[in-house]
Amino acid sequence: MDASPAKRRRNPWWIPPFLGRVPADVPEDHLRLLGGLACALFFEFFDQGLLTQAIKQIAADFGLPEREIGRTMGLVRLGAIPAFFLLPLADRIGRRRLFLASVMGMSLGTLCAGVSTHITWFIGFQMFARMCMVTASATAFVIAAEEMAAQHRGWAIGLISAVGGSGFFGAAVLFAFIDVLPFGWRTMYAFGVVPLLLLPWLSRRVPETRRFTLARGSEADLAAAGGWLRPLADLFRNLPLRTLGVGVIGWAQSVAGAVAFQFSSYFVQERHGWEPGDYTLMLGIGGILGVLGYPLAGRTGDRRGRRAVGVTLLVLLWPLVAAYYAVPRSASGWYQLCSTLGAGTGLFATTVLTPEGASAIPAVQMVASCAWLAALVVWLMPETGGRELEEISA
């Protein structure tokens, strides 16, 4: 028997075949939406990759000692805290407007950071860009979650995460040529203008969500009537333990994750004498597994449950980070706030735990252990796989 036309349809150009086939019952307008969201996430990961990969060159340019890298990057990460106060605007002006405004701010902040002449200006512009990045990514996931059916929500979020995550490798490809690029790392930051140029295209791909449109004028007005913090207060009042659990997960996994990845490029260049191209090659090999892992984790979460997937990944994070730095000569708003605080806490901790003139790597290995705390809390959380948003919130 011949397959139906829906099942024979090809993936859109932006979904590589190795990420699997699009489910047959996903509408075309949803695919266009996911394409726009994935594009924005690509440049968010691209911008994040710039800071992680070129940190050695940036530190040398501004005269930062290794001990101060954690403190400096911690300030950049904590710059995302204002995003917590911006996200409730999505209930007042809509998800689409906030998303597009954040993409524009992310682009401008990155450009300005690239022309900074002093570390203070660099940190300030990076803090602004980070605030916009977090706002854009959180709003993108809200849009995807609200528009996709429950049985495909995990797949959709995994898909845009995978495609968006490839932006980190896109930055790595550029990083391989940092020594021959005019103006070095600053030229890499000049590519921050691309999202600004793509804004008209994004505005056509990302409409307002139907859930927001239907609720506008009733429940959605609660932010205007009760203040920006009322939704969070309602969460703590109605679901105190679950809300606290989400915060602990966001904080703990970011304490571990931030230090693990922020020092990865600096470590192999400074300790093992790698060239930028060597680091790019390592990211290329590992990045393939990472890109494949996003949709795999999403599909597995849809079928087997979110908790098991989350616990497995978080339990593996700490020993993998410790091994990476030990092997010689080898290769949503509340969650976002706690995640930002966790990233800042972890990076600041590396400075506090590192003696003057010593290497920061032992502190990185120690701080990464917080991933197991996140794994424990994920296991204690209720399962959400296969449930509609209204059912989960009830």
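Visitor: How many residues does the chain have, and what percentage count as buried?
Guide: The chain has 394 residues, and 51% of them count as buried. Keep in mind that this is a predicted model.

Visitor: How many helices and strands are there?
Guide: The chain has 22 helices and zero strands.

Visitor: Switching to salt bridges. How many does the structure hold?
Guide: Five. One of them joins D91 and R95, with the closest N and O atoms 2.9 Å apart.

Visitor: Are those two buried or exposed?
Guide: D91 is partly exposed, at 22% relative accessibility. R95 is buried, at 9%.

Visitor: What else does R95 bridge to?
Guide: R95 also meets E146 in a salt bridge, 2.7 Å from N to O. That pair links distant parts of the chain: E146 sits in helix 7 (residues 119-147), R95 in helix 6 (residues 95-114), and they are 51 residues apart. E146 counts as buried, at 13% relative accessibility.

Visitor: Which residues make up the network, then?
Guide: D91, R95 and E146 are linked in a network of salt bridges.

Visitor: What does E147 pair with?
Guide: E147 forms a salt bridge with R210, at 3.5 Å from N to O. E147 lies in helix 7 and R210 in helix 12 (residues 210-215), so this pair ties together parts 63 residues apart in sequence. E147 is buried, with a relative accessible area of 11%. R210 is partly exposed, at 47%.

Visitor: Which residues line it?
Guide: The lining of the second largest pocket is W13, W14, G35, A38, C39, F42, F43, V163 and W201. Helix 2 (residues 28-53) gives the largest share, five residues.

Visitor: How many of the lining residues are nonpolar, polar or charged?
Guide: Eight are nonpolar, one is polar and none is charged.

Visitor: Last one. What stands out about the phi of F183?
Guide: Phi of F183 is near 70°, a positive value in a residue other than glycine. Most residues other than glycine have a negative phi.

Visitor: Where is F183 found, and is it buried or exposed?
Guide: F183 is in the loop between helix 8 (150-175) and helix 9 (185-190). F183 is exposed, because its relative accessible area is 70%, and exposed means over 50%.

Definitions and conventions. Residues numbered from 1 in each chain as written. Predicted model: local features only at pLDDT ≥ 70, side-chain atom pairs only at ≥ 80, totals over all residues. Heavy atoms only, no water. Helix = DSSP H or I, 4+ residues; strand = E, 2+ residues; numbered from the N terminus. Buried < 20%, exposed > 50% of the residue type's maximum accessible area, 1.4 Å probe, protein only. 1 Å grid on protein atoms, 1.4 Å probe; cavity = no way out; pocket = protein on both sides within 12 Å on 5 of 7 lines; lining within 4 Å. Nonpolar A, V, L, I, M, F, W, Y, C, P; charged D, E, K, R; others polar. Salt bridge = Lys/Arg side-chain N within 4 Å of Asp/Glu carboxyl O.
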